[in-house]
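Please read them with the structure open beside you.

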Amino acid sequence: MGGIGSGRRSSYSGKDATEDSMPLDIRRLHRAGALAPGRSVSWQWTVNDRVIASIRVHAQDGSVTLGYNYTPHGRPAEVISQTVWLETTPCAFGGIRSWFTCPTCSKRVAVIYGAGRLFACRRCKRLAYSSQGEAADDRAARRANRIRKLLGWQVGILNGPGLKPKGMHQRTYQRLLARHAAFVNVSLAGLAMKLGFLRGRGGDNDVDAVDPW
């Protein structure tokens, strides 16, 4: 796997970001049927439909073996074969749930990351979520867009509201509307601050209220 050790740095903590550190989610492997003993699959990470890294996942009873090439900066590629043990826990309504056992700390986790030579959990790799580096207004805009997707509206807080989804309870709809409006107000106020429109920031115009629409 080329470039497995590279990742985006979080401005919040100076740590690499989880999203760019080859996350391997056991829930996705389970849905793909890749955990069946004897199954061997190729797992890929893509950016803009371009494959940037890939590994081979071979499942055994109680473990998976990850096979890949690791290419450290300025050094020859190294062929890695890493065994990661699995655990299972019962689900509340029947069935079982699978977990990775972190190869470094032995904690039960759903996601391990290929930041560096071997895979391990987020804490052992000292990774930060990219959202930790977000400003409050950016985080509010992201959360507002999440609600817009849930409602089936066009993404983008500057777009007007859409209709109530068919079949959604009115109480749920009103709750989502209120949360969306609150997030939009925070996001637009932050945007106005960045543009210097708020009083005391050197702009010529003052804005006392923000209309989300």
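**Notes on the model**

1. Asp 25 counts as buried at 16% relative accessibility, where buried means under 20% relative accessible area, exposed means over 50%, and partly exposed covers what lies in between (1.4 Å probe, protein chains only). Asp 25 has its place in strand 2, residues 23-25, and strands here are DSSP runs of E with at least two residues, while helices are runs of H or I with at least four, both numbered from the N terminus.

2. This is a predicted model, in which local features need pLDDT of at least 70 and side-chain atom pairs count only at pLDDT 80 or more, whereas totals for chains, interfaces and linings use all residues. Residues are numbered from 1 along each chain as its sequence is written, and side-chain values use heavy atoms, with hydrogens and water left out.

3. Arg 27 and Asp 25 form a salt bridge whose closest N and O atoms are 2.9 Å apart; the term requires a side-chain nitrogen of Lys or Arg within 4 Å of a carboxyl oxygen of Asp or Glu. Arg 27 itself is partly exposed, at 37% relative accessibility. A polar atom of the Asp 25 side chain also lies 2.8 Å from the backbone nitrogen of Arg 27. Once its neighbours within four places in sequence are left aside, Asp 25 is in contact with Phe 100, Ala 110 and Val 111, contact meaning heavy atoms within 4.5 Å.

4. How many salt bridges does the rule give? The count comes to two. Besides the pair described above, Glu 78 bridges to Arg 117, with the closest N and O atoms 2.7 Å apart. Glu 78 belongs to strand 6 (residues 78-90) and Arg 117 to the loop between strand 9 (111-113) and helix 2 (122-125), so this pair ties together parts that are 39 residues apart in sequence. Both partners are classed as partly exposed, Glu 78 at 29% relative accessibility and Arg 117 at 38%.

5. The protein has four helices and 10 strands, and read along the sequence these follow the pattern β-β-α-β-β-β-β-β-β-β-α-β-α-α. Of its 213 residues, 36% are buried. The protein exposes about 13,100 Å², of which carbon and sulfur atoms supply 51%, the areas coming from the Shrake-Rupley method with a 1.4 Å probe and, for residues, only the protein chains shown counting as cover.

6. Strand 4 (residues 50-60) pairs with strand 5 (residues 63-70) in the antiparallel sense over five bridges, and Arg 56 stands opposite Gly 67 of strand 5. Strand 5 and strand 6 also run antiparallel, joined by eight bridges, with Thr 65 opposite Thr 83 in strand 6. Strand 6 in turn pairs with strand 7 in the antiparallel sense over five bridges, and there Thr 89 has Arg 97 as its bridge partner in strand 7.

7. The hairpin of strand 4 and strand 5 has two residues between the strands, and Gly 62 takes a positive phi near 95° in it. In the hairpin of strand 6 and strand 7, with five residues between the strands, Gly 94 takes a positive phi near 100°.

8. The largest nonpolar core has 33 residues, and those with the most contacts inside it are Leu 24, Ile 55, Val 64, Leu 66 and Phe 100; such a core is a set of buried Ala, Val, Leu, Ile, Met, Phe, Trp, Tyr and Cys residues joined through side-chain atoms within 4.5 Å. The elements giving two or more residues to this core are helix 1 (26-31), strand 3 (40-47), strand 4, strand 5, strand 6, strand 7 (96-101) and strand 9. Another core, of 12 residues, lies apart from it and includes Ala 144, Ile 147, Phe 183 and Val 184.

9. Asn 145, found in helix 3 (residues 136-151), is buried with a relative accessible area of 18%. Leaving aside neighbours within four places in sequence, Asn 145 is in contact with Val 155, Gly 156 and Ile 157.

Technical notes. Two strands pair if DSSP finds at least two bridges between them. A polar contact is a pair of N or O atoms within 3.5 Å; within protein, one must be able to donate a hydrogen and the other to accept it, and residues adjacent in sequence count only if both atoms are side-chain atoms.
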